[in-house]
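User: I am new to this structure and would like to understand the words used for it. Could you go through them with me carefully?

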Amino acid sequence: MAAFVGRTLRGEWQGIVVDPVRQLRRRGLPALSLAFLAAFGVIFFHALAQRPTGAVVVRLLGGVKGDLPLWLALLRTPVSLYVPALDLPVWAGITQLFLAFALAELSFGRARTLVMSYATTLAGTLMVRVMIALGPGWGGLGLPREIGQVLDTGPSAAVVGLFTYLAVVRRAPIVFALTGGSMVWESIAVPNLAGREHLIAVGTAIALALFHERGRRRQPVRPLLPVRRQEPPGARAERACPDDHVAVG
């Protein structure tokens, strides 16, 4: 058991810490541009929300609720990634946000990191609307209409989704237990709106990671060296002695 845990920790350290650090050394700080943008965006909106006028601007730009029209919720969802939740310590959230975006950006690139962060956040936003439409009941799946008035902002779903996606792709069960598994436990212990969205983010990240791995396995493997055509027997000898068949007069 100790040997298994040791091998698992060593593999996770290599895949989640060592490899991204090597990428950072090779590519430099520009490789973290998306992580810096996300962290500075949260800091900016947090500072802006400290004043009454700024709080109104932040709410109009990135405040998402379940009872908003769908088009307006979709329009505000990208900005809501940078709006910190009001009931959570902002600096702890910024640290987690920067680490999640940095590891994902170094491991998978900017495009996939953006897709993953937006997909997990959007999945939570849309599923909450479905739960509210179902109403109370349905085995605890539905939500009352009053939940539609709760302000649903913050990058926590994206952070959970990125860590979960990283853990599944890198085959890191310990990291998954500390991130996605802890979100599952949180949603059971404190069954609130954020917990449900975290569960949805975990499920979405797992599905996307498995889909990515399945697509990667289906890609044809290209040979490293050019394939040489097989020649019929005797062709090489005829090519070496082309005049053997010419009759001598």
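User: Why is threonine 121 called buried?

Analyst: In this predicted model, threonine 121 has a relative accessible area of 7%, and buried means under 20% (exposed is over 50%, partly exposed in between, with a 1.4 Å probe and protein chains only), so threonine 121 counts as buried. The model is predicted, so local features need pLDDT of at least 70 and side-chain atom pairs count only at pLDDT 80 or more, while totals for chains, interfaces and linings use all residues. Residues are numbered from 1 along each chain as its sequence is written, and side-chain values use heavy atoms, leaving out hydrogens and water.

User: Which residues is threonine 121 in contact with, leaving aside its neighbours within four places in sequence?

Analyst: With contact meaning heavy atoms within 4.5 Å, threonine 121 touches Thr77, Ser80, Leu81, Ala157 and Ala158. Threonine 121 itself lies in helix α6, residues 110-134.

User: Which residues have the most contacts inside the largest nonpolar core?

Analyst: A nonpolar core is a set of buried Ala, Val, Leu, Ile, Met, Phe, Trp, Tyr and Cys residues joined through side-chain atoms within 4.5 Å. The largest one has 30 residues, and Ile16, Leu97, Phe101, Phe108, Leu162 and Tyr165 have the most contacts inside it. Its largest share, ten residues, comes from α5.

Methods
Helix = DSSP H or I, 4+ residues; strand = E, 2+ residues; numbered from the N terminus.
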